[in-house]
Amino acid sequence: MNASTARFDAATPAFLDDPATEAAVRNRLADTAITAEIRPMAKLDAFAAPLADLARRAVVANVFFEPVVLKAALAEARHPDLVFMVLAWADRQKTALAGAWPVVLEPHHWGPFRPVWFTWKHDSGTRATPLIGPAAGSAVWAAMLDAIAATGRARHMVLPTMMDLSGLVDGITNGAEATRRRLCLLESNRHIVLGAISDGEAHLKSAMSARRRKRMAKNREDLAALGRLEARVFERPGDVMVAFRRFVELEGSGWKGRKKGAILTKPDALRFFLRTLCDLAEAGQVRIDSLELDGTAIAMSIVTRSGNAAFCWKTTYDEAYARFSPGMLVVMDVTRGLAGDPGIAFADSCTDVGHPLMAHLWPQTADSVDLLVDLKPGGSAAALAAARATELGRRRGRAALKRAYHAVRDRAEPLRG
């Protein structure tokens with residue numbers, strides 16, 4: 001147990017069993033200007049402008065919940081009619097948002113006719129942190145939970161990969177408890193991040209060992225000896241799309257292509273990335289770094305941004321040059337670029353702790369949590385424990401099937417060759 005998860009092991013507050021407390025809390029909510037509603041995601045255009053405004057000022061930015069990204073994701077959703085947006089308005093005129101939470105109803109998640117709500121994102125998105133405005137507090141979470149519960153379509157809600165930053169987890173915990181709802185921790189994970197830095201070279205010097213820095217400098221010199229080595233950055237919309245085409249070709253030529261995990265091998269992912277990057281580039285929210293040898297990319301990295309945060313979404317390299325660590329060299333260039341951007345206060349590597357590349361360059365970490373909420377006020381601890389056991393059991397089963405699938409595929413690959 002660490003500090004980020006200790007709060008879930010505390011004794012249940014007594015007021016969870018006190019209906020009078022719930023009434024008092026709801027009276028206070030009624031006195032605030034916050035109102036929450038749930039709308040079909042298909043109506044995204046109707047609230048895209050206030051959502052984009054909230055994305056720019058959210059206390060924890062999430063590029064995967066930008067309107068253009070959600071629109072691209074919805075186009076690839078298997079059941080778009082089951083995808084919704086929970087909107088918490090900061091004023092009764094509904095001109096400004098205090099919270100936004102994309103959700104999806106999984107009708108048979110725990111078995112036939114056993115539905116569960118989930119925070120919704122595209123499979124290629126790495127974070128599912130709802131957008132919460134500055135100083136929004138637990139009242140926003142309470143109002144959004146009320147809106148979901150009012151649909152009556154499922155009793156439980158799962159929030160996966162929610163970043164535990166800027167008091168967000170405390171906010172939903174307090175909002176749930178204040179409305180007599182129980183929640184618990186399913187899993188926690190640690191991710192590699194980068195805080196605000198003003199000097200990229202100074203950061204790399206402190207993050208990397210002297211031996212590794214020397215080796216990277218030698219690798220860059222050795223590559224330069226092979227031809228014209230150039231570090232390029234693409235940010236204009238047309239240039240971004242040309243660079244993205246080179247990226248997917250480079251990624252597809254490597255191990256991800258052979259394992260059918262590259263963007264180019266998955267038509268739905270390719271369509272999603274094309275739409276997303278095209279629209280984000282139009283808004284100036286994409287940069288693609290490319291390390292090129294004689295005009296040919298040998299390593300590339302896609303970085304998106306939202307609000308004051310950057311997301312190092314995808315990196316790939318030419319395996320023919322693996323001995324020169326071109327992937328690490330291009331991420332070093334990305335790090336220098338982020339340091340030179342005064343609008344960036346935080347960067348998410350989109351990788352977990354222990355990543356063989358990012359762990360050597362960005363030593364900072366942040367936690368994410370998967371939470372389970374019982375939407376029924378006054379629900380019992382036993383009922384929540386049973387739901388938690390069901391969800392964790394399902395996850396273990398799926399992980400076992402995935403391991404078995406990959407084992408069979410890896411054994412069969414030599415036969416296909």
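Mentor: In this predicted model, helix α6 (residues 200–207) packs against helix α11 (residues 326–339) at an angle of about 130 degrees, and the two axes are 8 Å apart. Angles over 145 degrees count as roughly antiparallel; α6 and α11 are therefore described as oblique to each other. On the α6 side, the residues that meet the partner helix are G200, E201, H203 and L204, and on the α11 side they are M332, T335, R336 and A339. Sorted by class, this contact holds three nonpolar, three polar and two charged residues.

H203 is placed in helix α6. Its relative accessibility is 10%, and because buried means under 20%, H203 counts as buried. When its neighbours within four places in sequence are left aside, H203 is in contact with L194, I197, T335, L361, W362 and P363. Of these, T335 belongs to α11 and is also part of the helix contact already described.

The axes of helix α3 (residues 67–75) and helix α10 (residues 267–282) come within 9 Å and cross at roughly 160 degrees. α3 and α10 are therefore roughly antiparallel to each other. Their crossing is right-handed. The contact involves V68, V69, A72, A73 and A75 of α3, together with F272, R275, T276, D279 and L280 of α10. By class, these residues divide into seven nonpolar, one polar and two charged.

Helix α4 (residues 138–150) may be considered on its own. It has 13 residues, and the distance from its first C-alpha to its last is 18 Å, close to the 18 Å expected at 1.5 Å a residue. The buried residues of α4 are A139, V140, W141, A142, A143, M144, L145, A147 and I148. After α4 comes G152, which has a positive phi, near 70 degrees.

Two residues other than glycine also have a positive phi. A135, with phi near 55 degrees, lies in the loop between β5 (131–132) and α4. At 85% relative accessibility, A135 counts as exposed. C350, with phi near 60 degrees, is found in strand β12 (residues 346–352). With a relative accessible area of 13%, C350 is buried.

Note on methods: Residues are numbered from 1 along each chain as its sequence is written. This is a predicted model: local features need pLDDT of at least 70, side-chain atom pairs count only at pLDDT 80 or more; totals for chains, interfaces and linings use all residues. Side-chain values use heavy atoms; hydrogens and water are left out. Axes are lines fitted to C-alpha atoms, for helices over the stretch in contact, and angles run from 0 to 180 degrees between N-to-C directions. Helices (H or I, at least four residues) and strands (E, at least two) are DSSP runs, numbered from the N terminus. Angles under 35 degrees count as roughly parallel, over 145 as roughly antiparallel, 65 to 115 as roughly perpendicular and the rest as oblique. A crossing is left-handed if the near helix is turned anticlockwise from the far one by less than a right angle, and right-handed if clockwise. Contact means heavy atoms within 4.5 Å. Ala, Val, Leu, Ile, Met, Phe, Trp, Tyr, Cys and Pro count as nonpolar, Asp, Glu, Lys and Arg as charged, and the others, Gly among them, as polar. The expected span of a helix is 1.5 Å times one less than its number of residues. Buried means under 20% relative accessible area, exposed over 50%, partly exposed in between (1.4 Å probe, protein chains only).
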